[in-house]
Amino acid sequence: MAKILVTGGAGFIGSHTCLVLLDAGHELVVVDNLSNSSLASLNRVASLAGVAPASKAGPTDRLQFVEGEIRDTPCLEAIFQQAEAQGQPIDAVIHFAGLKAVGESVAEPLRYWDVNVHGTLSLLQVMANHGCHTFVFSSSATLYGYPDHVPIPETAAIQPINPYGYTKAAAERLLNDLATSAQELWRIACLRYFNPVGAHPSGQIGEDPLGIPNNLFPFVSQVAVGRRECLQVFGGDWPTPDGTCIRDYIHVMDLAEGHRAALDCLLEEPPQLLSLNLGSGRGISVLEVIQAFAEASERPIPHAIVSRRPGDAAITVADPAEALRRLGWQTQHSLQDICRDGWAWQSANPQGYASEP
Ligand code: NAD
Ligand code: WQD
């Protein structure tokens, strides 16, 4: 059992990972400024895990919540100090907090660099101050930009094509420099997610984007549930078998298990820096997603092919062999599982967490 600080733990991937970590017996402190999430997600995580609700948790509960900002050094210092004062220092940090919208990053690069790079730096500084050297970082396949070939191994060129991607590359560079500076101390995993989608099979927690979704899966599920009329398919003339883009969609519960496996590996093995793709190795086209979601929801998904979206690559698919070799981890869920669980969430929560306080 470890005591883990989870930044951004109220968000999409963080909430599912918190559930997996609680089920594995860990004790969690979540820090999140709720800029893109709500505390309802963590209260549902608590209920699924059978622990006290995050909103009412005291210092001895297994899921504690601090509404706070990762760039606020005194706030982070206080979290580490309080854990030490209780005789249970923070053993590790899983760092999800960050901004993730590619288009927004083009419009607001200062904010993206501030939160994603400066925020990560400030967190690492506080960790170093408190002798905590175990760190799991939410990196992204966006690092690979337009990949030279697929499936993409971790050795592929890091060549981001937008500010969001540059912030992830910069944070990984920082982590590499830090690991090099004190190889006997730091235990770091940079987990490069491909396309995280789906929801917990209970339908209690899932993805709840603010406003109009940028990403395919939340858009498709909002069309299925009647919140949006028609999906625009960005391009039907890509060099792929059906003309639509191919991606490596990974069930969020597989991703959550990947974090648990990475954390176990870091805590058990000697200090090291791991950079690992978390993907399935399976390529799925936009039209295949539409068909699978229509089958799972038993609803039509009205869609129209429009022009390509700037910045899209035709195909991105992970080579996940290294994660299997280093962590013994691989995805377990099919596209059908993804759609079934995504629909369980969307149909039970048509407005996401909006109806909750
Ligand atoms: P999310 O927006 O649902 O979760 C991020 C959480 O961080 C939110 O709860 C938000 O309120 C919080 N947060 C944001 N800025 C903060 C700050 N300054 N201080 C404290 N909390 C803050 O996003 P997600 O999809 O769960 O992504 C989690 C991480 O994974 C992000 O770092 C993202 O870049 C990365 N990632 C996501 C994807 C994806 O497609 N979802 C793919 C690759 C990598
Ligand atoms: C998937 C496919 C679109 C919406 C993004 C980020 C990446 C990572 C994961 C964080 C593409 C098509 C989409 C729509 C569509 N995030 N599409 N109509 O672009 O592969 O990856 O999320 O790190 O950095 O860029 O995911 O879900 O936006 O798109 O046709 O309304 O669906 O063109 O082919 P993407 P996505």
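The model is predicted, so local features need pLDDT of at least 70 and side-chain atom pairs count only at pLDDT 80 or more, while totals for chains, interfaces and linings use all residues. Residues are numbered from 1 along each chain as its sequence is written, chains are lettered from A and ligands numbered from 1 in the order in which they are written, and side-chain values use heavy atoms, with hydrogens and water left out.

Around ligand 1 there are 26 residues, of which D32, N36, S37, K100 and Y164 come nearest; a residue is near a molecule if one of its heavy atoms lies within 4 Å of it. By class, this shell holds 11 nonpolar, 11 polar and 4 charged residues. Here Ala, Val, Leu, Ile, Met, Phe, Trp, Tyr, Cys and Pro count as nonpolar, Asp, Glu, Lys and Arg as charged, and the others, Gly among them, as polar. A polar side-chain atom of D32 lies 2.6 Å from an oxygen atom of ligand 1, and a polar backbone atom of F12 is 2.8 Å from an oxygen atom of this ligand. The protein covers 95% of the 820 Å² of accessible area that ligand 1 has on its own (Shrake-Rupley method, 1.4 Å probe). Strand β5 gives the most to the shell, with 3 residues (strands are DSSP runs of E of at least two residues, helices runs of H or I of at least four, numbered from the N terminus).

An N or O atom in the side chain of Y164 is 2.6 Å from an oxygen atom of ligand 2, and a backbone N or O atom of F234 lies 2.9 Å from one. Of the 680 Å² of accessible area that ligand 2 has on its own, the protein covers 87%.

Helix α8 comprises residues 252-268. Because 12 of its 17 residues are buried, α8 is largely enclosed by the rest of the structure (buried means under 20% relative accessible area, 1.4 Å probe, protein chains only). Among the buried residues are M253 and D254. Both of these are in contact with H333 (heavy atoms within 4.5 Å), a residue in the loop between α10 (321-327) and α11 (335-348). The side chains of H333 and D254 make a polar contact at 3.0 Å (a pair of N or O atoms within 3.5 Å, one able to donate a hydrogen and the other to accept it).

Technical notes. Expected span 1.5 Å × (residues − 1). Buried < 20%, exposed > 50% of the residue type's maximum accessible area, 1.4 Å probe, protein only. Lists of a residue's contacts leave out its neighbours within four places in sequence.
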